[in-house]
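User: I'd like to learn how to read helices and aromatic pairs in a model. Can we walk through one together?

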Amino acid sequence: MALEESSRRRGYVDAGELERLNRIRRDFVANVSHELKTPATSLKLLAESLEQAIEEDPEQARMFAAQLRKETERLARLITDLLDLARLESEERSEYPETVDLRGVVMSVLARMRRVAREKGIELRWKRFGRASEYTVRGNETQLASMLTNLVDNAVKYTPPGGRVEVTGGSENGEVFIRVSDTGIGIPPEKLPRIFERFYRVDKARSKATGGTGLGLSIVKHVAENHGGRVTVESTPGEGSTFTVYLPRASDQGG
């Protein structure tokens with residue numbers, strides 16, 4: 001953990017803080033073990049079923065093979081998200097030397113997501129306000145793309161067919177903001193405070209059905225904070241959700 005490492009460099013660790021960090025680590029290991037065990041068990045059962053059906057029932061074997069591929073992809077996504085989150089959590093907020101055109105990052109993310117949205121019958125819109133130069137931030141382009149991909153992907157996943165996802169960008173008060181709004185299922189008010197926690201899922205059954213890992217919003221929060229920014233959320237059950245990321249403009253960081 002970055003906080004623990006920082007304390008060690010100063011030569012001391014508060015006992016209460018150390019216990020809290022150890023508890024977080026234990027919980028994280030337990031959660032990771034549980035999350036990895038589920039797809040691993042599914043893969044084992046599907047492989048055994050495929051082995052039995054491959055000669056006796058080719059049609060069923062194809063079905064098992066398709067499920068095997070789906071579970072493998074889910075496991076790969078989980079491992080990727082775990083590695084990304086571990087890397088983000090190990091980094092302290094730093095001054096990034098590179099400037100990034102956040103508008104260009106948004107356009108690349110939307111280009112990748114349009115096919116997914118179209119297949120689900122969801123309209124994916126992009127609206128921007130202000131000049132292109134107002135979208136420049138200092139940061140890591142890969143991290144920023146991961147953050148925005150998670151936001152748009154979540155919006156598409158949890159919006160029923162026929163719905164709409166709208167991405168809006170602008171600049172105000174020395175910050176660049178990217179807002180992702182959807183007409184999806186929404187989030188109950190009592191669950192909003194926990195949605196950025198690792199592995200927390202508002203609806204576990206729906207999350208599993210859509211292939212969610214429960215880490216996407218944690219990644220969003222860490223990327224925003226590592227870049228000196230923040231993320232907010234507003235949601236109404238049955239009407240949709242709006243996530244907004246605010247990042248300092250490069251011109252307002254001495255660039």
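User: What follows H7, and what is its phi?

Analyst: Helices (H or I, at least four residues) and strands (E, at least two) are DSSP runs, numbered from the N terminus. Here Gly-228 comes after H7, with a positive phi near 75°. This is a predicted model, where local features need pLDDT of at least 70, side-chain atom pairs count only at pLDDT 80 or more, and totals for chains, interfaces and linings use all residues. Residues are numbered from 1 along each chain as its sequence is written, and side-chain values use heavy atoms, with hydrogens and water left out.

User: How many residues of H7 are buried?

Analyst: Buried means under 20% relative accessible area, exposed over 50%, partly exposed in between (1.4 Å probe, protein chains only). In H7 (residues 216-226), 9 of the 11 residues are buried, so the helix is largely enclosed by the rest of the structure. Among them are Leu-217, Ile-219 and Val-223.

User: And H4, where does it bend?

Analyst: An α-helix has 3.6 residues a turn, so residues three or four places apart point the same way. H4 covers residues 102-119, and its buried residues include Leu-102, Val-105, Val-106, Val-109 and Met-113. A bend at a residue is the angle between axes fitted to the seven residues ending there and the seven starting there; in H4 that gives about 40° at Met-113.

User: How many aromatic pairs does the structure hold?

Analyst: A pair of aromatic rings is described by the distance of the centres and the angle of the planes. Rings of Phe, Tyr and Trp (its six-membered ring) pair if their centres lie within 6.5 Å; planes under 30 degrees apart count as stacked, over 60 as edge-to-face and the rest as tilted. There are 2 pairs here. Phe-177 and Tyr-246 are tilted, 6.4 Å centre to centre with 45° between the planes. Phe-177 is in strand E5 and Tyr-246 in strand E7, so this pair ties together parts 69 residues apart in sequence. Phe-196 and Phe-243 have centres 6.3 Å apart and planes at 85°, so they are edge-to-face.

User: Which charged end sits over the ring of Tyr-246?

Analyst: The rule is NZ of Lys or CZ of Arg within 6 Å of the ring centre and within 35 degrees of the ring normal. For Tyr-246, the charged end is that of Arg-230, 4.2 Å from the ring centre.

Terms used:
Expected span 1.5 Å × (residues − 1).
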